[in-house]
Every structure is written in structure tokens, then in C-alpha cells.
Amino acid sequence: MASKQISSPQLTLENIFSKKAFESKGFGPVRWMKDSAGYSTLEGKPKEIVRYEAISGKRTVLVSGALLTPKDQSKPLEVTDYAWSEDNSQLLIFTNAKRVWRYETRGDYWVLNLATGELQQLGKSLEPSSLMFAKFSPDGS
């Protein structure tokens, strides 16, 4: 009986750094929910924001790819990071990230109102990937 060999990419600099053939599957970013009973994270293709219950492990989709798709686009936003408002009614989404020195800190920000499903881009008239460090104020605005 012949054994089946599994072919894997050659260990070359191009495969490691350019093609990212050996890159591991990421996890996160993870955000604990305000009720402390679970956490949210990004998963899937297209990316969705899902919630896991800490005790049971129950999975619930909180924000689907459809909600992350702007009206004038056919594909959902490529979410790099996100933050919940204090009352979990809105989501601040960081996308289109560009590197500044070592970290991806410049990009575009969107706000998703979970009650209405409205997705609004912040600084829409500004140059793409030019905003940095947006966050919700304590009152949720």
C-alpha cells in the first residue's frame, strides 16, 4: 500500500514573507461584553462579529457580514479592530489600516448603529486611511 505524501510549500523567504504561506490563523481581537458573561470576536469569511458565552461556549452572531456592507459596496468591510459603545448599542469599526512606524494606526472608521442597522463612515470627505485613534466618548457619542 502506497503512502500518500502531503505536499507543503518550500521554506523560502518569498513563501515566508511575501506569500505568507506559513502564517498562522489569527484569533481576535477579543472584547469582553459589558455583562461579563461572554466575549465577542471576529470570525469567518466574510468576517462577522460573534459572541461566545464564557460558561457554555454558545456561539451567537452579533454582527453579520451583511450589516458590515456599506450601501454603495458589494463586499463587507475588512475589519481590523472594533470597539463597543458603553451600552453596546453601537460599534466603532476600524478598517483600511495603514502602517505608521511599527503599528497599523492610520485607517478609516465606521459606526454601526445596531438598532437601526445604519453604517456611517466618519471623515468621509477626508483622504482614505488618514484617521487615527477614534473612540466613543463616555456618553456613547
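A salt bridge here is a side-chain nitrogen of Lys or Arg within 4 Å of a carboxyl oxygen of Asp or Glu. The model is predicted: local features need pLDDT of at least 70, side-chain atom pairs count only at pLDDT 80 or more, and totals for chains, interfaces and linings use all residues. Residues are numbered from 1 along each chain as its sequence is written, and side-chain values use heavy atoms, leaving out hydrogens and water.

**View 1. Arg 31 and Asp 81 form a salt bridge.** Their closest N and O atoms are 2.3 Å apart. The pair links distant parts of the chain, with Arg 31 in strand E1 and Asp 81 in strand E5, 50 residues apart. Strands (E, at least two residues) and helices (H or I, at least four) are DSSP runs, numbered from the N terminus. Arg 31 is partly exposed at 24% relative accessibility; Asp 81 is too, at 28%. Buried means under 20% relative accessible area, exposed over 50%, and partly exposed in between (1.4 Å probe, protein chains only). The structure holds four salt bridges.

**View 2. Arg 51 and Asp 35 meet in a salt bridge.** The N to O distance is 2.8 Å. Arg 51 sits in strand E3, Asp 35 in the loop between E1 and strand E2 (38-43). Arg 51 is buried, at 10% relative accessibility. Asp 35 is partly exposed, at 47%.

**View 3. Arg 59 and Glu 43 meet in a salt bridge.** The N to O distance is 2.9 Å. Arg 59 lies in strand E4 and Glu 43 in strand E2, so the pair ties together parts 16 residues apart in sequence. Salt bridges with shared partners join Asp 35, Arg 51 and Glu 53 into one network.

**View 4. Four strands form an open sheet in the order E1-E2-E3-E4.** Pairing is antiparallel; two strands pair if DSSP finds at least two bridges between them. E1 (31-32) and E4 (59-63) stand at the edges with a single partner strand each, so one side of each has no neighbour in the sheet. Strand E3 (residues 48-53) pairs with E4 over four bridges. Val 50 stands opposite Val 61 in E4.

**View 5. The largest nonpolar core has 14 residues.** Such a core is a set of buried Ala, Val, Leu, Ile, Met, Phe, Trp, Tyr and Cys residues joined through side-chain atoms within 4.5 Å. Among the members touching the most others are Tyr 82, Trp 84 and Ile 93. Strand E5 (79-84), strand E6 (90-100) and strand E7 (103-113) each supply at least two residues. E5 gives the most, with three.
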